[in-house]
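Q: I have a structure here that I have not seen before. Can you walk me through it?

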Amino acid sequence: MDEEKRKDILERLKNGVVEFDEDMVREAAQEALDVGMDALDAIMNGLVAGMEEVGELFDKGEYFVPEVLMCADALYAGLDILKPHVKKEDIKVSGQVVIGVVEGDVHDIGKNLVKMMFEVAGFEVIDLGKDVPLEKFVEESLNANADIVALSAMMTTTMLGMPKVIEMIREKNPNAKILIGGAPVSKESAEKWGADGWAPDATNAVKEAINMVRGLKKEVMGEE
Amino acid sequence: MNSKERVKKIFSKKKVDRVACFSGMGNVTVEGLKKYDYAFYEIHLDAEKMANAACTSYELYGFECAVAPFDLGIEAEVLGAEMNFYTHKRKEDIVYPTVKKKAIENPGDLSVPEGIAEKGRVPVVLKALEIMQKKVGDDVPVATYILGPYTLAGQIMDLEKLLKMSFKKPDEINALLSSLADFLVELGNIYFDAGIDYLTVREMGAPTDVLSPRMFRNLILPHLKEVFSGVKRPSVLHICGDTNIIVELMWESGATAISVEQKNDVAKTREKLGDEAIIFGNIDPFGTLVQGSVENIRSAVKAAIDGGVDSVWPGCDIWPAVPKENMIAYVKAVEEFGKR
Ligand code: B12
């Protein structure tokens, strides 16, 4: 397939995501398959590249929450078409994430953005939703054999559930890494409570998670 | 001049001895709960407990109002949502009620019942307001709040769906918000008829942290205007979060006064809106009131007053865990720096 055509399709996938145009994304995704383009290439360099730009637009205050949610829909529309065609050996799941908003807290807008960025980055995400009983984080992380447990809180009261979850997970599932965030949660609190990672926003959450998983893999393989 | 007279004058821009230290949102504190040995969850469900708790910040610290209820579920329940009050929690746990089950799947499913004064916890609130008036109503204003149409929509239907449909199906959302605005006008006026001194409309789900200023103008503002042209006065529009670029629109809503939080630069807001506007704000309810030192509180109060607020309001509900000394210092600082 010629490079020109590839570039054109990637551009349309990317723009379709940024402009939340599901039809444009679907058409471009179908065309990618028709011309025999590598599905993973289309996902990573088209859809995901688009979502990265969306993240930047959000951080800059040009996009707001509804825009980002619609971009995500456009991205998923493309993924539905492309994912079945990704070669098995190419799928490298970055890790298994269990995410949720801690008990007593219904603020889930931020958590949903973080979850989406995880999915975009190739993590497998189990979303426990909002107002999640603290023990449930422990159970589900064990069931799913999660690499990462991501906790979100938007209130200074509910945030105090985080150290409790961290303690329980340390006891019952010491292999899992814990990432915490949400507006009232500071880097200092994260350190004080013994979390493995903290991030101020969705884009950095994923970067932090990737570093944490690398650390995890190293530990398991006995390096360093 | 007592607090009630002072606040009344402030709402009509008349000359006062000093700015007031009050709020239109929840302001119960742990100290207040201790006074009656109440668990937090009890005060949402029982009129007498609600009323007693609502008066404690005046009684303990001289805070210049009594406001009930404390949660954001009253309207949603009337429209069919189910709440979780966390009644299984321990006495000392402060967990705010949340919507457990939404009322509608799609915007078109909304049906507003007849006789809303009898529905859900509205009778509890009305009874509480009556008790509050008897208890402290000669000294301080008694008030309550309703949600803004968009925030209420987010309480009764899936929020993500609402946010996306706001873009994709604005007509359906506009229709929903208009019906909600009518409902809120009816409810607000039921409260006025029960004798409240002012009503706050909390459109907290629509700051520019979440929605663009353009969407605020096109989708949120028209329905706020419906609410403010329908409810009696004085009324206050409160929006949490970053409001710097929408203060003109907030003022355009027709509310008697607007209230903003700490992310708002009140001096600039005053400059933009001019002298006629009534502006309340903008003390950080957690960073300053709970975590701050007495010195922090004093300088925040001074900054708000220097910035030109007509009264000092906290940026949201007062956080129950606020230390007693801080509340006392807060009220004192307003008395000291607010002289006119
Ligand atoms: C929208 C909103 C609501 C909506 C929530 C709708 C929903 N489903 O989410 C409604 C109206 C329901 C609501 C209710 C209440 N709210 Co409210 N609400 C807000 C508001 C205005 C915006 C929050 C938001 O969505 N921001 C936008 C998102 C994108 O940002 P974010 O959540 O911070 O997420 C980003 C980062 O934090 C980070 N992040 C988030 N999670 C995670 C997780 C991980 C692992 C990582 C790494 C990163 C990360 O990445 C995200 C993306 O970049 C804030 C004020 C504000 N401006 O912040 C108040 C606020 C959070 N609410 C507040 C309050 C008091 C309440 C109520 C208690 C009011 C009441 N009397 O009942 C109730 C709470 C009920 C309950 N028990 O939960 C207070 C909390 C104060 C405090 N000290 O804790 C705030 C701060 C307002 C204020 N100024 O005081 N609220």
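What follows is a short chat about a strand and a ligand site in this predicted model.

Q: Which residues sit on each side of β1(A)?
A: One side holds A:Gln96, A:Val98 and A:Gly100. The other holds A:Val97, A:Ile99 and A:Val101, and both faces are covered.

Q: Why two sets like that?
A: Side chains in a regular strand alternate between the two faces of the sheet.

Q: How many bridges join β1(A) to β2(A)?
A: There are 4 bridges to β2(A), residues 124-127, and the two strands run parallel.

Q: Switching to the ligand. Which residues come nearest?
A: The ligand has 47 residues around it, and the nearest are A:Gly104, A:Val106, A:His107, A:Ser152 and A:Thr156.

Q: Why is the site called shared between chains?
A: Because the residues surrounding the ligand come from chains A and B.

Q: Which elements supply at least two residues of the shell?
A: In chain A they are α5, β3, β4 (177-181) and α9 (202-220). In chain B it is α6 (149-156). The largest share, 4 residues, comes from α5(A).

Q: What is the shell made of, by class?
A: It has 28 nonpolar, 11 polar and 8 charged residues.

Q: Now the cobalt atom. Which protein donor does it have?
A: Its only protein donor is NE2 of A:His107, at 2.2 Å.

Q: Where is A:His107 found?
A: A:His107 lies in the loop between β1 and α5 of chain A.

Q: Any side chain with an N or O atom close to a ligand nitrogen, and at what distance? Which one?
A: A:Asp108: an N or O atom of its side chain is 2.9 Å from a nitrogen atom of the ligand.

Q: And which backbone atoms lie by a ligand oxygen?
A: A backbone N or O atom of A:Thr156 is 2.8 Å from an oxygen atom of the ligand. For A:Ala202, a backbone N or O atom is 3.3 Å from an oxygen atom of the ligand.

Conventions:
Residues are numbered from 1 along each chain as its sequence is written. Chains are lettered from A and ligands numbered from 1 in the order in which they are written. This is a predicted model: local features need pLDDT of at least 70, side-chain atom pairs count only at pLDDT 80 or more; totals for chains, interfaces and linings use all residues. Side-chain values use heavy atoms; hydrogens and water are left out. Buried means under 20% relative accessible area, exposed over 50%, partly exposed in between (1.4 Å probe, protein chains only). Two strands pair if DSSP finds at least two bridges between them. A residue is near a molecule or strand if one of its heavy atoms lies within 4 Å of it. A polar contact is a pair of N or O atoms within 3.5 Å; within protein, one must be able to donate a hydrogen and the other to accept it, and residues adjacent in sequence count only if both atoms are side-chain atoms. Ala, Val, Leu, Ile, Met, Phe, Trp, Tyr, Cys and Pro count as nonpolar, Asp, Glu, Lys and Arg as charged, and the others, Gly among them, as polar. Donors are N, O and S atoms within 2.8 Å of the metal (3.2 Å for Na, K and Ca); water is not among the atoms, so sites may look incomplete.
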